[in-house]
Amino acid sequence: MLSLVNGPQTNGNGRGFWLAFLAVLTMALIYPVFADSYDVGNFSYFLIWIFMALGLSLIWGYGGMLTFGQTFFFGIAGYGYGVLAIIMGGGTATIAALILSVFVAAFAAAVLGYFMIWGRISGMFFGIVTLAATLSLAFFLGQTAGPEWHIGGARLNGFNGMKGMDPLTVGEVYIEGTILYYVLIALILVTYLGLRMLVNSRIGNVIVAIREDPQRAEMLGYDVRKYQLLTFCIGSGLAGLSGALYTSWGQFITPSSIGLPAAAMPIIWVAFSGRSDLTATLVGSFLLLFGFQTITIYSQQAALVLMGALLLATVMMMPQGFIVGIAQAVGRRWQQLSGRKRSGNGSLQSGES
Amino acid sequence: MLSELFSLFYQFADVFAFLVLASAGLAIVFGMMGVINMAHGEFIMCGAYVTVGLVNLGVPLPVAQIVAAITAGLIGILIEILVVRRFYKRPLDSLLATWGLSLIVTQGMLIVVGSSIRGIGTPEGSFAVGDYTFSTYRMILFACALAVLVGIYVLFMRTRFGIIARATMQNAGMAQALGARTGRIYAVSFGIGAGLAGLCGALYAPTMTLIPTMGATFIVESFVTVVVGGANVLLGTAPAAMLLALVRMSLNASYGQIIGQIGMLFAVIAIIRILPEGFSSILARRGR
Amino acid sequence: MPLIDIKGVSKRFGGLTAVSGVDLSIDEGEIHCLIGPNGAGKSTLFKLIVGVYQPTVGSILFSNTDITGERSYARVQRGMSIKMQAPSVFKELPVRQNLDVALQQKQSGNDLTVERERLLQLLDLADDADKPAGALAHGQQQWLEIGMALALRPRLLLLDEPTAGMSPEETHRTGELIKSLNRDGMTVIVVEHDMAFVRQIAQRVTVLHLGRIFADGTLEHVVNDPRVAEIYLGKAHHG
């Protein structure tokens, strides 16, 4: 079972890769010892979005469905966490609020996905229908300023957004600061390894086969629609996890984290990184979030112009993504070098078989 | 009685005009090249800004609107040559490329012109039917929407350009072999699409606040109309807009704008479940 | 007992009738060839059997169960398997994984690995197992597709022009493979143009012409039918 972390669907299966992986993980684990709490908090903020990026890589890169709806599910779970945390009260119930809100997002994905996938919506239309749903949700939430828009004690509050929910709490302990950082590292570790196992499993085999040729996959006896729906729900649920964590982190959420330009961000992270690989998505998204945050301090608009330019540059120059492209180039070079040393027997991908 | 009926028609006409004007340009680009232009909203924004800028300089409104539409069209041709034409074989990438463009333009505009400029106000003038009064400008918008539909029909069915364009739409390779300059046809078609988007912005400029992100106000409606209409602009757009306008109008009237918008989206999702290829597919089948 | 029973099936596309009133039943354990000129409706009939198309009228029974409204994947799960006319392998995936997607329907773990390696040997693809399937030559892609169809261990194997793009020697090997599968109990229906190949494998032949069954019987019977020679074999002899 555990051996599935390696396989044909993931780049980086050799010893060298896992040693590097362990080194990065170790650095991440000891980082709070050396950094001040402000930087740790900032780091946590970047990590929150990683789930949404990994989910998009699964749906788009592996499943071949171009969804523009990641912030739709981010918003549903983000608002869902807020509403549930307020209704159920603070304390340990916030953990239940987190889990429930992610399920609500996944359920919403199941409903929307059912109509689209069973309606044979694919390709570009999949993108624009999900985006239409996303923008409509943002518009709707923007118009809920009046006091009549509330769920229990939770006011939706229009453009100003919802606030007043507790952050994630266990007993008396708020999950904030360094604790939140470690929780996020653990969640990302589990998600990343879990997704690697998923895409290298028999289900993963079918998911990528459907991306390549849905009709052929159906002719091998697979109900293509069910696999697509499953992929869509898992990936969208991960966007939901980002949303719930985001609300808990800042104790507020506004419609602007759903609508434009927010909806474009996950697309840019994943397209730039290389949608077809989870590791590239993880690394690239983190780098972009870091860079974006650094520039945003000076001018948010400038940062967004840059993100737009990056997306344009990616599709024009390296459609498979920059991180994947660079990794492939490095891999080829490495193969040449080690090939010379070991006389032509140096495959990077020694996994499988 | 008559005035109530007219009031219903007026509300329908208002939504219908919005859907047709917002989506016509997008539909033409999609129908001809199979590309969804994610920067469609920015061409609308461009039309609106040029109109308001010219009116503030003293140009009469109708002239400003026409100039604005042409400006957007010319910029469209430029964008087609510089960016879009590389992506006809990769339609999904064209979506991303134009989305990148859209981000650059909206955020760039926010830096350059700031968040809002002085508006020009809706042209006055109203008329009464029974006890109700109605805005004349809204009726002009409805007339413009009809004119756009008729114009598209005439352009594609009755002109030489239209015949070549339709041949290209059917089979680009064959049209090229027969001497059609498909590259130029695509550029002109994209320009027409952008021009119609600019026209939409120009026509609605007097009725709304201008901000660089205003394209987003139109884009949902234009997307859903194209999705419901399907690939054939000539057959799909008008009935799609009519159906959606009916749904929207009845929901608006009973439950208000918010439910109207959400309800329309639900209608769209239900329609694609039943008619995956949109209206043009059944109409095209009927025609065969 | 018929394994597949096609009853009064017609398929119209708009004004075009591709298949018209076809009755055909094929017994378990047969090797059955469908022949006929281009446009005779052979591939359409295949797609009707496997559920890519729904018949306009008529019904299709598989092992005495009416499967007319069923989707393709359900029919495949019942024990059909098809190699379509145009090779459609998963181009970006390695050859090995192409086979795995099919094999994992019936096997797992070590059994799957053993069976996969056996198939790779059988299909002569062992040296190319790590290549993306799209990088294979056309004939090799055909082999891979046949392998994927076999990996499902079907009761009924449908092959649409399996030897297109193969050398005479490869064609002969394909024929022997089909015969050996048939000896193990598999029912096979083949659409084919290559008459030498049909002669090699066929037990019964059905000639389709303009969407209808034109003649049916042993190859000798069909070949000696002067009407058949006129529409099909005649042309083949001259060509």
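Q: How many residues of domain 1 of chain A are in contact with domain 2 of chain A?
A: In this predicted model, 20 residues of domain 1 of chain A are in contact with 15 residues of domain 2 of chain A.

Q: Which elements supply the domain 1 side?
A: At least two residues each come from α2 (37-62), α3 (70-88), α5 (124-142) and α6 (177-199) of chain A.

Q: And which of them gives the most?
A: That is α2(A), with 10 residues on the side of domain 1 of chain A that touches domain 2 of chain A.

Q: What classes of residue are on that side?
A: The side of domain 1 that faces this contact in chain A has 13 nonpolar residues, six polar and one charged.

Q: Where do the two domains run, by residue number?
A: The domain assignment of chain A places domain 1 at 37-260 and domain 2 at 263-353. Taken over C-alpha atoms, the centres of these two domains of chain A are separated by 23 Å.

Q: Turning to contacts between chains, how many residues of chain C are in contact with chain A?
A: Chain C has 20 residues in contact with 15 residues of chain A. On the chain C side, the elements that give two or more residues are α2 (72-78) and α3 (95-103) of chain C.

Q: What is the class make-up there?
A: The side of chain C that touches chain A comprises 11 nonpolar, six polar and three charged residues.

Q: Now chain B: how many helices and strands?
A: Chain B has 12 helices and two strands. Along the sequence, the pattern is α-α-α-α-β-β-α-α-α-α-α-α-α-α.

Q: In what sense do the two strands pair?
A: Strand β1 (residues 126-129) and strand β2 (residues 132-135) of chain B pair in the antiparallel sense, over four bridges. Within this pairing, A128(B) has T133(B) in β2(B) as its bridge partner.

Q: What about the turn of that hairpin?
A: Two residues lie between β1(B) and β2(B), and G130(B) takes a positive phi near 65° in this hairpin.

Q: How does the radius of gyration of chain B compare with that of a compact globule?
A: The two agree, because a compact globule of 288 residues would have a radius of gyration near 19 Å and chain B has 19 Å. The C-alpha atoms of chain B fill a box of roughly 60 × 50 × 35 Å along the principal axes.

Q: What share of chain B is buried?
A: Buried residues account for 50% of the 288 residues in chain B.

Q: And what share of its contacts join residues at least 24 apart?
A: In chain B, 76% do, among contacts between residues at least 6 apart in sequence.

Key
Residues are numbered from 1 along each chain as its sequence is written. Chains are lettered from A and ligands numbered from 1 in the order in which they are written. This is a predicted model: local features need pLDDT of at least 70, side-chain atom pairs count only at pLDDT 80 or more; totals for chains, interfaces and linings use all residues. Two strands pair if DSSP finds at least two bridges between them. The radius of gyration is taken over C-alpha atoms; the globule rule is 2.2 Å times the number of residues to the power 0.38. A residue is buried if 20 or more other C-beta atoms lie within 10 Å of its own, exposed if 12 or fewer, and partly exposed in between; C-beta atoms are placed from the backbone. Two residues are in contact if their C-beta atoms, placed from the backbone, lie within 7 Å. Ala, Val, Leu, Ile, Met, Phe, Trp, Tyr, Cys and Pro count as nonpolar, Asp, Glu, Lys and Arg as charged, and the others, Gly among them, as polar. Domain bounds come from an automatic or database domain assignment.
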